[in-house]
Amino acid sequence: MSAINPVGWFEIPVLDMHRACAFYAAVLGAEFEMMEMGPSLMAMFSYDHAAPGCAGALVKDPDCQPSTTGTLVYFVADDVNQPLAKVVAAGGSLVMEKTPIGEHGFIGSFIDTEGNKVAVHSMQ
């Protein structure tokens, strides 16, 4: 691989697109652009191609199923506690409260309304 940051895109499987968009809007303040691609309905997270990091989408597709044991996506936050404090009220469940990871900052994780394990990372 030649890329410094090798991830270029991510997709989070969902069962109910409206419910999933509402959850991520409540927890992360996310905004979405809806798009159909073949049999898939996608809600793309807003993004800036000029900024570091990668973009991604919530995806409703017959071949994609939510999971707590597959790939783990980490969203960046100013403080991990901010999104984690909103998870339960938005319909998800907390898995790991804010946890220090030494010089690399802090992480925490949750299960979204669709059954995916997702995480957040911050430096404070």
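Visitor: Which residues touch the most other members of the largest nonpolar core?

Guide: Keep in mind that this is a predicted model. The largest nonpolar core has 21 residues. Those touching the most other members are Ile12, Tyr24, Phe45, Leu58, Phe75 and Phe110.

Visitor: And which element gives the most to this core?

Guide: Four elements each supply at least two residues of the core: β1 (9-13), α1, β3 (40-45) and β8 (117-122). The top contributor, with six residues, is α1.

Visitor: Where do the buried residues of α1 sit around the axis?

Guide: The buried set is Met17, Ala20, Cys21, Phe23, Tyr24 and Val27. Their arc around the axis is only 160°, so they end up on the same side of α1.

Visitor: What distance does α1 reach from its first C-alpha to its last?

Guide: The helix runs over residues 17-28, which is 12 residues. At 1.5 Å a residue you'd expect 16 Å, and the model comes out close to that, at 16 Å.

Visitor: Which residue caps the N-terminal end of α1?

Guide: Look for a side-chain oxygen 3.2 Å from the backbone nitrogen of His18. The cap at the N-terminal end is Asp16.

Visitor: Back to the core: which residues does Ile12 touch, leaving out those up to four places away in sequence?

Guide: Ile12 is on the list of core residues that touch the most other members, and so are Tyr24, Leu58 and Phe75. Its contacts are Tyr24, Ala57, Leu58, Val59, Val73, Phe75, Asp112 and Asn116.

Visitor: How many residues apart in sequence are the parts that Glu114 and Arg19 tie together?

Guide: The structure holds two salt bridges, and in one of them Glu114 pairs with Arg19, with the closest N and O atoms 2.7 Å apart. Glu114 is in the loop between β7 (106-111) and β8, while Arg19 is in helix α1, so the pair links parts separated in sequence by 95 residues.

Visitor: In the salt bridge between Asp79 and Lys98, what is the distance between the closest N and O atoms?

Guide: Asp79 lies in the loop between β5 (74-76) and α2 (81-84), and Lys98 in strand β6, so the pair ties together parts 19 residues apart in sequence. The closest N and O atoms of Asp79 and Lys98 are apart by 3.0 Å.

Key
Residues are numbered from 1 along each chain as its sequence is written. This is a predicted model: local features need pLDDT of at least 70, side-chain atom pairs count only at pLDDT 80 or more; totals for chains, interfaces and linings use all residues. Side-chain values use heavy atoms; hydrogens and water are left out. The expected span of a helix is 1.5 Å times one less than its number of residues. Buried means under 20% relative accessible area, exposed over 50%, partly exposed in between (1.4 Å probe, protein chains only). The arc is that of the directions from the helix axis to the C-beta atoms. A polar contact is a pair of N or O atoms within 3.5 Å; within protein, one must be able to donate a hydrogen and the other to accept it, and residues adjacent in sequence count only if both atoms are side-chain atoms. A nonpolar core is a set of buried Ala, Val, Leu, Ile, Met, Phe, Trp, Tyr and Cys residues joined through side-chain atoms within 4.5 Å. Contact means heavy atoms within 4.5 Å. A salt bridge is a side-chain nitrogen of Lys or Arg within 4 Å of a carboxyl oxygen of Asp or Glu.
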